[in-house]
Each structure stands twice: as C-alpha cells, then as structure tokens.
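Reader: I'd like to go through some helix packing and a few loop residues. Can we start once the model is up?

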Amino acid sequence: MAVSPQVFPPRKRRQLAGMNLVQSLLSLSQEISSLKPLQCLLKRNSLSVINKSKLLSILFEELLRNPVSNSFSPSTILCFEEMYLVLQRIKTLMEDCSSGTKMWLLMQIQVLANSFHELTLELSTLLDIFPFKEVELSQDIEELVVLVTKQCSQSKPLVDPRDEFLRRQVLAMLDRIEKEIVPDHLKLKEVLEDLGLRDNSSCREEIESLQEEIQNRNDEKSKSDIVSLIGLVRYANCVLFGSSTTRQSGHRRRKSMSELTVPADFRCPISLELMRDPVVVATGQTYDRESINQWIESGHSTCPKTGQTLTHCNLIPNRALRNLIALWCRQQGIPFETLASKEKFNGVKATKAAFEATKMTVSFLVNKLSDSQSMEAAAGVVYDLRALSKTDSDSRACIAEAGAIPILVRYLGSGVGSQQPNLQVNAVTTILNISISEVNKTRIMETDGALNGVIEVLRSGATWEAKGNAAATIFSLSGVHAYRKSLGRKKRVIKGLIDLVKDGPTGSQRDALVAILNLAGDRDTVGRLVEGGVIEMVSRVIDELPEEAVAILEAVVRRGGLAATVSAFNMIRKLCVILREGSNNARESAAATLVMICRKGGSEVVMELVKIPGIERIIWEVMGSGTMRGRRKAASLLRILRRWAAGLDLDTNNVVDSSSIMAMSVSNTSTTVV
C-alpha cells in the first residue's frame, strides 16, 4: 500500500560512478516506463510519471552514447545519485498503489496524489541544477530536458474528480450504514465496479488485502477505518454476488479434510485449526493465542488438553513452532497471515459502521436462507454463513441473534447428507463456529432439535469432516459444566465419539478425543465412558495418538472407581512404553496414571509394574528430563515401588481388593480373546 514519501525509510546511497551510474538510471527509468498506468484510481497521476520517465530514459541513452560523459564531476554524480533515489521512490509508489487494496487507496487518494506531486517537484529541482554544459548534450536532448523540467515544475496536486466522487460516495454509504440505513444496492454495485470489484473472487481478495493492510497501520484511527471498509465490502459481496460455490471445496476449516494434511503439532487442540500465533501455557501445552485466550476469559482455570489446573495464566510465545508453521505454509503455498480469521482484526475493535454492516449481512443471509425452496439454493447461503461465522465474535453473535440456529438444524439430517453432503458439513460447521460464544452455547442447547441434529451428524454424517465437526461441537458445548453433565448422560454421544475414534481418519479422531477428554471431567460420565469401551478405544489408538489417549486414560482412572482401575490394569505395559518413548506431555500423563493405578490397585498391581524390565531406570529418566509435574509423579511412582520392595505399606488411599483387580482383569482378558 502506498505511503507518503516522508515516511520512506532512508535509503542507502548506491556508490555508483560514471557510466555505471548512468546505466542504472537508464534501467530504472525504463522499468518505470514499462509499468502499466493504474486502472481504477490515480490513473492520470501514474500516467504522468510514466511519460516523464520515458522522456528521461532518452536523456540517459544520450549520455551513454556521449564519450565525454565517462568522467563526471562530483556535483554531477551527486545530482545523478539523488535522481536515482527519486526514481526509485516513484517506482515503489507505483508498485504499492497497483498491488494494494483499492478501498484503502480510495480513502487515501488526496495523500497519494500529494505523494506523486512531491516526487515530481523533487525531480524538477534536480533537473533545474542539471549541468548541461558539462555533458554536452545535443540541442534536441537539451530541449527535451527543458520540457520535462517545465512540466515537473508546473505540476499541481491532482485528484481526479471521478476519484473524489467515488470517495465521497463510499463515505456516505458508511455513514448511512452507521445510522442503520441499508445502502442502495444499485449505487453500491456501481461503486464496486468502478473500483474493479466485479465478482465474488475480487471482493474476497479485497477483504484479504484490507486485513493485511491493518498489519501495516500503526494508528488506531486508520485501523478502525479499514475495519469499516471490510464490513462494507463483505456486505456488498454478500448481497451483490452471493457465494462462490465453485470454491467451496477449497474453503476448509480444518485439516481433517482430504486435500491437505496439516501436521498434528501445527493444529490448536482447542480450535483444531492451523495455529497462527502458538503460545505455551503453564502446563507446557501449546495452543493458538486466540483460542486459549477465549478459553481463559470464559472462566476456565484448567488446561483444556490435560485437565490440570493452570498455576498462572501467562502465555509464552512459541516462536520456534511459529517459524516451522510459517515455513510449512510457504512450502504448501498457503498465505500464513490469513490462515485463520483475525478475531477483532488483531485487537482492533469493530466500528459502529462495521458492526451494523455485519448485522445487515447476517439479516440478508438468514432471510434468504429462510426463503430457500431447495437444498441447492440453501447450499450457497449456508456456505456464506459458515464463512461469516469465522470472522469475529460480532458475526457469531449476530448470526445467532438473527435466528439462524433453528434454520440450520433443518440441514443436519441424514437425508440432507445423502443428497447435499457439503450442505450438511457447512451447516454443522456454522453451528460449531457460533458455539464458541458462551451465550450461543445456551442458544444451541435450548433450540429444539439442535443438539439431536448435531448428534445425528456425529453418528451418521455423510463425510468424516461432518462427523469431526460435530464432535468438535460437542467439545465446545461441553465447556459449560452443566452441559457437560447433560451430554455425558446421552449414550448416543458417548457411542458416537468412541466409534469416531475407532473408525475415523486422524483429524476426526482428534476431534472426538478432545470431546471425550472434556466429558471425562465429570465423574458420573466416566462410568458411562468405561461401560462404552473407552479403555479399549484408548488401547487401539495409543500408538498413533499417545498424548490424547493417555490424557483420557488419566482422567478416567482419576475419576473412575473399581471398574476404571480394572479396565486400565491391562494398559500397564503400554503405559510403560509411553513412559520410555513418549513426548514429555505423554510421559507426564502416563506417570500420573500409573501412580493412580498403583494406589487404587494395591500390591498386585505394583507387582505387575515391577515385572517391566528396566522400569526404575525409565522412571529415573522421567525424573531427570520430564515436565515439573511429570517429575513429581515419577518420584511418587518410584517411592511406591521401593516401599513395595521393602515390604512396607504403600500408603495409598482408596485401595481396592487386589484379588478382585486380578480376577476381573483375567476375566476381561478372556472375554477379549473369545
């Protein structure tokens, strides 16, 4: 995006002399001459500097042909060097204007016109002091230089009346929107077409450019103005051009989808999206800053992944991981800075105009969806709602307040999934996105058929993506304690999640695992999870997804009774493998789980653990290199083993009858074999 010349950083002068300097000037002037004039805005300004550059290139060509010019005086070289800097700034200004956002370019039209004028005046000054006698130019070339000098000196700040009229129209529309007056669609279309925004694709690119422009602004007013423009373009795109259904398959929220596999370590455990700003919390887990901030601000004091209490709420940037994600994105051709929606555009609060534009956009879409007579007509609208629900909390609030939830529920059924699988995916994903808000969680739970619809998608969705997003919705809703208990009482939820972990692809498995971990935070639900086969499920996926699987096992053993301990008994050897080979987080959970199994199971369980070759050495390794909590749990486990070896009481609480543990364990093993 173009800026005033005064704010250009000082450029280091090129130490060029003689013919090399003139050759560089010729090349630079030819580069400017080859640029295309700006098409929509500042057309006359850009055309003027291009024409002047063409004339100057003739001067430099003449100098290269003149043998006297092999030795220039210091004052001449200084003049050339300054001229090179001015031309370089003209080129930069042209390139920035041609590649920047059109809406912001329009708002800055006067500033940019002044920038072109100031650079032209600087060029005029340099031509005024140009030493004609020293270089011995031909009369034709001298006259040409005089002509260029005169043109430059007589130039005035030029704002095309058409450009200024467009700017005033946009400001008037923003003012009307701020007053909750819907802008005239015909005028809106004319303005966008004059700016070259003629379809869904160009509008979407303009929105992305405006979002990037926010990162380049330092003052809050400019950022707020850009946010208003984003709201206007988004509204215009929706009401004028509708959705681009041809690109729906490319609009993927998360990588549980088919075309691209995001490395598991790059995805936030909360949102399951690619992390843009990874941070580390007190437990050592990494989350995307936006997601963990929302988690903490909603009143949670525990780590979402492990369930441990956060000793502090400091968020430490994980720069190493961020660099790896950025590198991976470049390799995949994905724009890193726009991977995820920028909630409130990186801290910039929505303006009144932006908020009202969002309300108008949502109202238009919800009314259109309500009137849709076919699934084909509804598909594009639901896709637009899905995209809008990702942008910010205001959009999510507006969508729910406009009554979209009961309408979206219509498209969750298996009949929709069989005929329009993308429609089902987008509907459940929109519900997932709006469920991020605590208020919207209540709206979803209180809407007739909403929860049952999500559960139906979880169990019989048309695609793995739909099932995974349904599981993520269960995870989101279970963030409220009362809803966690309610969801945990539904056997269909537990069975659907466990089946998804057993049969689904990795992305969908992760969705279901984090939901199960959340449900396991309720003691009553743990018993139902054990009855539903959660331990068997953990055993099946612990090799591929050790961190998630062991975290669930820890939660189940901690809150479960005899049945949970008995079921976990056969996992001792696998837990020891994790203790030896797993990540620090997995080793921490494995150590904590083993401590609880030993304390609840008594001496017979400890005896089984002692049979593991090199178990003490493994525990010592965790004590030396594990997380702080992992070291404490490993030390407790070592004390239990040594007290058992010395024939002392294990000093455990809630110890169940060891013979019962062994008998039930053998019984379970026999049943499994049969």
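Reader: First, Glu180: buried or exposed?

Author: Glu180 counts as exposed, at 52% relative accessibility. Buried means under 20% relative accessible area, exposed over 50%, and partly exposed in between, with a 1.4 Å probe and protein chains only. This is a predicted model, where local features need pLDDT of at least 70, side-chain atom pairs count only at pLDDT 80 or more, and totals for chains, interfaces and linings use all residues. Residues are numbered from 1 along each chain as its sequence is written, and side-chain values use heavy atoms, with hydrogens and water left out.

Reader: Where is Glu180 found?

Author: In the loop between α8 and α9 (185–194). Helices here are DSSP runs (H or I, at least four residues) and strands likewise (E, at least two), numbered from the N terminus. The phi of Glu180 is near 65°, a positive value in a residue other than glycine.

Reader: What about the phi of Leu42?

Author: Leu42 has a positive phi too, near 55°, and is not a glycine. Leu42 sits in the loop between α1 (18–34) and α2. With a relative accessible area of 1%, Leu42 is buried.

Reader: How far apart are the end C-alpha atoms of α2?

Author: They are 34 Å apart, which agrees with the 33 Å that the 23 residues of α2 (residues 43–65) should span at 1.5 Å a residue. The expected span is 1.5 Å times one less than the number of residues.

Reader: Which residues of α2 are buried?

Author: Among them are Val49, Ile50, Leu56, Leu59, Phe60 and Leu63, and also Lys52 and Glu62.

Reader: Back to α8. At what angle does α8 cross α15?

Author: Helix α8 (residues 161–178) and helix α15 (residues 352–370) cross at roughly 75°, and their axes come within 8 Å. The axes are lines fitted to C-alpha atoms, for helices over the stretch in contact, and angles run from 0 to 180 degrees between N-to-C directions. The two helices are therefore roughly perpendicular; the classes are roughly parallel under 35 degrees, roughly antiparallel over 145, roughly perpendicular from 65 to 115, and oblique for the rest.

Reader: Which residues make the contact?

Author: Leu174, Ile177 and Glu178 of α8, with Lys352, Ala353, Glu356, Ala357 and Met360 of α15. Contact means heavy atoms within 4.5 Å. By class, that gives five nonpolar, no polar and three charged residues. Ala, Val, Leu, Ile, Met, Phe, Trp, Tyr, Cys and Pro count as nonpolar, Asp, Glu, Lys and Arg as charged, and the others, Gly among them, as polar.

Reader: And α31 with α32, at what angle do they pack?

Author: Helix α31 (residues 572–581) and helix α32 (residues 584–601) pack at about 145°, with axes 8 Å apart. Ile572, Leu575, Cys576, Ile578 and Leu579 of α31 meet residues of α32 including Ala590, Leu594 and Ile597. The contact of α31 with α32 has ten nonpolar, one polar and one charged residues.

Reader: Which helices do the buried residues of α35 pack against?

Author: They pack against α29, α31, α32, α33 (603–610) and α34 (615–625). The buried residues of α35 include Ala634, Leu637, Leu638 and Leu641. Helix α35 (residues 628–645) has its end C-alpha atoms 26 Å apart, in agreement with the 26 Å that its 18 residues should span.

Reader: What phi does Gly647 take?

Author: A positive one of about 75°, just after α35.
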